Amino acid sequence: MKISLTFVAAIALTLAGAVPDADALEAAADRDSRSVAGPPPLAGFVAHVLVEGGISLSWTFSEDTTAIQGVRIRYSTSDFPSLPDDGLPVPESGSGEEPGEFPGWPGSSRDFIHMGIDDSRRYFYSAFVFDDARRYSQAAETAADAWDTTTPDPVEEASAVGGDGRVTLTWRNPGSGDFYGTLIRYSLDRFPPSYEDDLPVENGQNGLFVGIPGDTLTFVHKPVTNGKHHRYRFFSIDRSNNVDTLGATASAFPSDPGPPGNVIDFQIAEQDGRLVLHWTNPNDDDFEGTLIRFSDSRVIGSVTDGDPVPNGNDGLFHGLPSSVDSFVHEGLVYGKTYHYGAFAFDEVPQYGEVISRSGSPMDLTPPMVTVGVLQNPFLTERLDLVIVSSEPLASGEMRLVRNDFVIDTLLLAPLDEAGMVWKGDFTLVEDGAIRLLATAVDSAGNEGEGESEFSAVRLLKDHEGFVADPGGSILVEVPSGGLPYDVWALIVPDNRAPETYVLHPRDLLLSRRALLRIKIPPGSAGGFDEDPCIIRDLDRERDLETWIDHKRGEVVALIQEFGRFALSEGAAVRPPALDGHYLALHSNRPNPFNPSTTIRYELRSRGRVRIEIYDVTGRLIRLLVDENAFPGQREVVWNGLDGRGRDVPSGVYVYLVKTPVREVSGRMTLIR
């Protein structure tokens with residue numbers, strides 16, 4: 001018996017040979033530039049075998065074109081022709097200009113019978129639509145086996161065994177070499193009389209199981225309706241789509257005895273901020289999994305109460321009978337009671353009785369505390385010291401330490417309604433590094449600690465000044481005349497990001513640009529030529545003029561305002577646009593001194609430099625430096641000797657640093 005034309009076409013297309021590879025198509029296209037450059041392919045192209053000894057071809061032209069002339073049909077007994085000149089033309093011209101060509105127009109249909117074929121071969125056909133410019137479409141393909149009208153042997157030893165919501169089907173394919181696959185249909189009322197009646201089993205292939213002759217196959221048909229008689233018929237099919245009309249039969253009566261047994265030993269362990277659930281699945285073959293739901297307001301009594309635990313599977317835990325399982329429920333509120341219900345279920349699903357438990361997560365974690373320093377730019381001696389906590393606090397305290405001595409203790413007050421930000425006031429009275437030690441206690445009595453350190457320096461507007469952070473990672477050099485007024489300057493490392501610092505007062509605008517120096521991080525020194533870096537002004541979201549002082553191992557930038565700054569790697573280094581006549585002098589250190597002191601100065605361009613030492617009467621004591629110097633930070637030591645190598649007496653001396661266009665001076669005191 002033959003199956004319908006529609007089914008034949010589907011099987012023929014499934015069994016078609018491999019598509020030629022891209023390299024073969026490209027090579028052929030070089031020979032025939034007309035290929036695959038024209039109109040759309042055929043909308044339908046089907047081949048099927050005629051009992052009379054021929055193959056019938058039928059096709060339909062696409063309606064999405066207006067410039068077609070016809071179709072060229074080529075064939076082969078080895079593979080699909082890939083180009084319009086491959087293979088052979090079908091033996092009749094079809095009234096076209098060349099053999100195997102048939103005229104047509106958009107949306108038209110036609111058929112043709114290919115006679116005189118070999119009764120033991122497979123025929124592969126390719127159809128190429130062409131337009132009046134002789135450009136061809138991509139190939140439409142179909143195939144058919146000639147002269148096979150024999151049905152395969154029937155399926156052997158078919159059986160059906162009912163289970164809970166399922167039927168297990170087992171059958172043995174016929175041993176005939178003409179076999180291709182088995183079609184299985186079923187009904188609740190009768191054995192399907194033919195391969196087209198009733199329903200195919202739900203295997204995703206319309207009930208077809210492609211197989212090997214003589215093999216035994218098994219398929220679990222689910223879900224099925226328990227308590228209903230399921231009747232199956234098995235039909236064998238060959239590659240020419242001949243179907244055995246007898247078919248083997250089998251039937252089954254699936255049933256479900258009820259829900260599985262209940263969850264065993266359901267327990268909850270209370271831990272820090274979470275609850276750990278443990279349970280044992282029932283020893284029941286009908287078991288499929290466990291559903292767990294929870295609520296923070298009511299006891300769970302049914303599978304619709306509360307919400308599923310957030311396990312990513314709607315609270316369902318599929319498992320094996322008698323196995324042990326667990327789940328960690330995190331992100332819970334300390335001290336709140338959570339109610340849980342565990343339900344075993346089968347594949348229907350049917351649910352067992354609820355097993356209920358409750359638990360409350362404990363708070364054993366101390367709060368995470370961040371220490372901050374704020375400063376009012378107009379009341380610069382007054383600081384706001386704050387702590388920010390990861391959770392509400394019951395109390396907060398801040399101790400200020402200088403040189404390992406506690407200089408003040410502040411009891412902080414809450415700054416927000418949530419109780420997570422606490423604040424205290426402190427007034428600066430002297431320079432130096434101050435370490436902040438904060439203690440915070442949450443509502444559960446857990447004590448958290450935080451620590452920070454900052455440097456406080458009073459800068460005078462008419463003098464150059466320096467302020468460095470306690471760790472020595474960042475230094476700010478403010479030139480003389482750079483400040484609009486005397487100010488307490490602070491450097492506070494920003495713990496939120498590495499190599500980030502806050503320079504207070506944050507909105508202070510300088511009248512002269514200052515130098516900001518950040519030490520190159522350990523392990524990176526010497527590597528910034530290949531991996532450059534730049535200093536970024538985070539408050540104003542811009543990159544600063546930045547360069548690298550390799551001698552000192554520092555990244556240097558020019559700033560005009562105080563604020564928040566970060567050192568970033570990977571950005572482009574840009575040379576600073578600097579004043580070529582710039583000369584800066586830094587205070588000698590130590591001062592007073594005995595027996596020597598170091599004079600530091602900075603150049604922005606290469607040139608002649610002289611450093612001269614004078615006494616208070618204006619008499620030249622010594623020419624200390626006279627040389628051509630390179631740009632950058634420089635220093636020289638005076639050991640208290642005059643130009644003849646003799647000790648000079650105690651007193652006040654003036655040092656003068658001169659370039660061809662600038663000169664600056666400083667005073668120092670020698671004490672013998």
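1. Arg600 sits in strand S44, which spans residues 597-603. In this predicted model, Arg600 is buried and yet has no salt bridge. Its nearest side chain of opposite charge belongs to Glu477, 4.8 Å away.

2. The surroundings of Arg600 deserve a look in the viewer. Leaving aside residues up to four places away in sequence, Arg600 touches Phe466, Arg552, Leu585, His586, Gln633, Arg634 and Glu635.

3. Most peptide bonds are trans. The bond from Arg589 to Pro590 is cis, with omega near -5°. Pro590 lies in the loop that runs between strand S43 (583-589) and S44, and S44 is the strand that holds Arg600.

4. The other case is the bond from Lys222 to Pro223, which is cis with omega near -5°. Pro223 is in the loop between strand S14 (216-221) and strand S15 (230-238).

5. Backbone angles at two aspartates also call for comment. Most residues other than glycine have a negative phi. Asp198 has a positive phi, near 60°, and is placed in the loop between strand S11 (179-187) and strand S12 (199-200). With a relative accessibility of 27%, Asp198 is partly exposed.

6. Asp314, again not a glycine, has a positive phi of about 55°. The residue belongs to the loop between strand S20 (307-308) and strand S21 (316-318). Asp314 counts as exposed because its relative accessible area is 61%, and the cut-off for exposed is over 50%.

7. The largest nonpolar core has 28 residues, and those touching the most other members are Val476, Leu503, Ile535, Ile559 and Phe562. Elements that give two or more residues to this core include strand S32 (447-459), strand S34 (474-478), strand S36 (500-504), strand S38 (533-537) and strand S41 (554-561). The most, four residues, come from S37, which covers 509-519.

8. Apart from residues up to four places away in sequence, Leu503 touches Val467, Val476, Leu490, Ile491, Ile559, Phe562, Gly563 and Phe565. A second, separate core has 23 residues, among them Val371, Ala438, Phe454 and Leu490.

Notes:
Residues are numbered from 1 along each chain as its sequence is written. This is a predicted model: local features need pLDDT of at least 70, side-chain atom pairs count only at pLDDT 80 or more; totals for chains, interfaces and linings use all residues. Side-chain values use heavy atoms; hydrogens and water are left out. Buried means under 20% relative accessible area, exposed over 50%, partly exposed in between (1.4 Å probe, protein chains only). Lys and Arg count as positive and Asp and Glu as negative; His and the chain ends are not counted. A salt bridge is a side-chain nitrogen of Lys or Arg within 4 Å of a carboxyl oxygen of Asp or Glu. Contact means heavy atoms within 4.5 Å. A nonpolar core is a set of buried Ala, Val, Leu, Ile, Met, Phe, Trp, Tyr and Cys residues joined through side-chain atoms within 4.5 Å.
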